[in-house]
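Here is my notebook page on how two chains meet. I began with the strands and then turned to the contact as a whole.

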Amino acid sequence: MRWINRKPGRPLGWILLLLPFLAVLAAYTIASDIRRAENPRDKLLPAPAAIVETAQRVLTQPDKRSGKILFWSDTAISLQRLAIGVGIAALIGLLIGMAIGLLPYVRSTLAGFVGVLSMVPPLAILPILFIIFGLGEVSKIALIAVGITPFLIRDMSLRVLEIPSEMMVKAQTLGATSFVIALRVALPQILPRLIQSVRLSLGPAWLFLIAAEAIASDAGLGYRIFLVRRYLAMDIILTYVVWITLLAFLIDYGLKTLGERAFPWFGKGGL
Amino acid sequence: MKLRSLIAAVFAASVAMGATAATAEEKTEFKVAWSIYVGWMPWGYLADSGIMDKWADKYGIDVEIVQINDYVESINLYTAGQFDGVSATNMDTLSIPAGGGVDTTALIVGDFSNGNDAIILKGEGALADLKGKPVNLVELSVSHYLLARGLDSVGLTEADLDKVINTSDADMIAAYGTSDVQAVVTWNPLVSTIMEQPGANKLFDSSDIPGEIIDMMVVNTETLADNPNFGKALVGAWYEVMALMEAGDEAALTAMAEASGTDLAGYKAQLASTEMFWKPADAVAFVESAELPTTMVNVAEFLFDKGILGEGAPSADFVGVAYPDGSTTGDPANVKLHYDTSFMKMAADGAL
């Protein structure tokens with residue numbers, strides 16, 4: 001049989017799935033062993049057992065000063081910032097994207113501007129964002145929103161333009177107004193695509209979140225990572241990195257499931 | 001399958017090799033990292049001017065001086081074993097390499113901050129008025145230490161503040177310009193830039209705690225023991241530049257000023273708030289003074305209090321520090337930071 005037609009069975013599939021993860025873990029363990037043979041208190045690559053120990057401590061022990069378990073309060077505040085930032089960006093992206101896609105007047109006015117705006121690297125104009133939004137919560141949410149909104153607007157407007165013109169014509173012959181077309185023709189087709197776009201922009205959103213928390217903050221996952229980096233506490237950093245990866249994966253999976261459940265007409269193939 | 005395990009092996013080997021690149025044995029090639037700070041600019045100059053090469057040639061070795069843009073990253077790289085030496089403060093040397101089990105020697109004590117680090121309030125007030133206010137600073141840095149010492153001097157603690165907000169030094173000046181920020185703690189050249197703004201009010205600076213924030217060149221103890229020529233070359237080159245600077249050599253000072261992003265006048269102003277040890281004998285006297293152990297105990301207590309003296313550190317005495325006369329503070333069984341004046345003495349005696 002040709003290789004392109006050979007498929008692994010279910011158990012083998014699972015093994016193959018886990019294999020790269022195990023390989024990375026093994027490589028890490030070996031590298032860590034070699035380093036610790038030389039300096040038992042090496043901070044760069046702590047032993048996996050030490051990381052698990054640190055993780056247990058970080059997950060359960062309350063902070064001396066505030067009495068809160070920092071891990072969970074960091075997670076809560078970061079997820080809140082992420083949710084608000086992405087939520088605002090998705091809402092603006094949807095509204096302006098649809099307007100640009102449907103209304104030639106708005107398209108003429110805004111399409112070029114948004115195209116240019118989406119090329120501005122937000123991290124490069126941070127000082128301006130500070131002056132506009134201050135240094136508090138707003139600035140962190142704003143950085144996420146500013147960072148991903150232009151992409152969402154452009155993507156949404158392109159998706160609207162992709163709607164077959166036959167559909168638009170048909171709706172018009174049935175007497176639909178612009179508003180009804182937006183609501184009944186465009187929106188149902190755009191919402192599932194919005195979820196797709198949000199999924200794609202979550203990577204940059206996390207990046208902007210961690211950047212914002214690294215710059216000026218007193219809580220959050222990114223804040224903690226940059227703080228403990230000052231004394232090379234890789235055991236804490238790795239615990240947080242694993243957690244962020246897991247969170248990002250779960251959010252992505254959650255959005256995918258939401259898309260499938262909420263918009264069954266869109267089909268699994270699209271997602 | 002085979003390919004995967006091969007990749008794993010290659011990955012492990014490359015990480016491990018990169019990691020062990022700078023361990024001790026006799027060798028002829030050395031790498032030293034430095035970052036921008038008024039008292040460390042000579043490192044850039046002695047690399048560019050060929051003074052380092054001259055001294056390295058004299059001892060038959062090769063020393064590469066690398067500028068790292070991020071101060072903490074440079075210390076982390078040294079701690080990870082990528083460099084044989086790094087420019088660092090006494091506090092960060094104790095917490096990062098020494099706390100991380102990398103036996104480290106303070107080879108050159110270059111200066112101490114004498115006003116370069118400052119607590120600045122927006123508007124009128126005194127140190128006691130910080131009570132209930134948020135303070136922006138690079139957390140766990142010497143700024144944080146300065147704040148702790150300052151608050152201590154008026155009977156306050158950090159708990160009396162509204163909160164401290166970790167703020168990147170790269171964004172400190174922009175942060176100061178926003179209305180949210182009421183007080184900052186930072187270092188030069190940021191201090192002089194912030195003080196130019198109307199209403200900036202310096203409450204406390206490092207000249208109030210002279211000799212406590214020390215800027216040094218630290219090297220791996222084992223590497224130094226196996227390769228004394230490495231120490232001799234660094235010290236020789238350093239004090240040649242010190243002599244130039246003390247004599248007011250315009251070309252050298254201008255080069256350093258430009259490398260630090262200011263002009264000659266600006267650099268001289270920063271030097272004025274830095275107590276440079278131009279002569280090796282002055283540095284030796286400072287290191288051998290009775291105040292240094294007291295300072296290091298203070299610093300160790302601060303680090304322990306903030307939980308950054310290393311994982312599972314049972315007390316502030318966890319990491320030992322050895323002084324030139326053989327005395328130690330902290331745990332004598334776990335000495336990871338050595339103050340060694342023997343190389344600076346050779347320079348003082350003209351024996352290099």
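In which sense do β1(A) and strand β7 of chain B pair, and over how many bridges? I looked this up in the model, which is a predicted one. The two strands, β1(A) and β7(B) (residues 163–167), run antiparallel and are joined over two bridges. I noted one pair by name: A:Ala216 has B:Thr167 as its bridge partner in β7(B).

Next I followed β7(B) into its own chain. Strand β6 of chain B (residues 134–137) pairs with β7(B) in the parallel sense, over four bridges. Here B:Asn136 stands opposite B:Ile165 of β7(B).

Last, I went back to the contact between the chains. I counted 35 residues from chain A and 40 residues from chain B. On the side of chain A that touches chain B, the elements that each supply at least two residues are α1 (10–38), α5 (126–133), α8 (178–215), β1 (216–217) and α9 (221–228). Of these, α1(A) gives the most, with 10 residues. Sorted by class, that side of chain A holds 22 nonpolar, four polar and nine charged residues.

Note on methods. Residues numbered from 1 in each chain as written. Chains lettered and ligands numbered in written order. Predicted model: local features only at pLDDT ≥ 70, side-chain atom pairs only at ≥ 80, totals over all residues. Contact = placed C-beta atoms within 7 Å. Nonpolar A, V, L, I, M, F, W, Y, C, P; charged D, E, K, R; others polar. Pairing = 2+ DSSP bridges.
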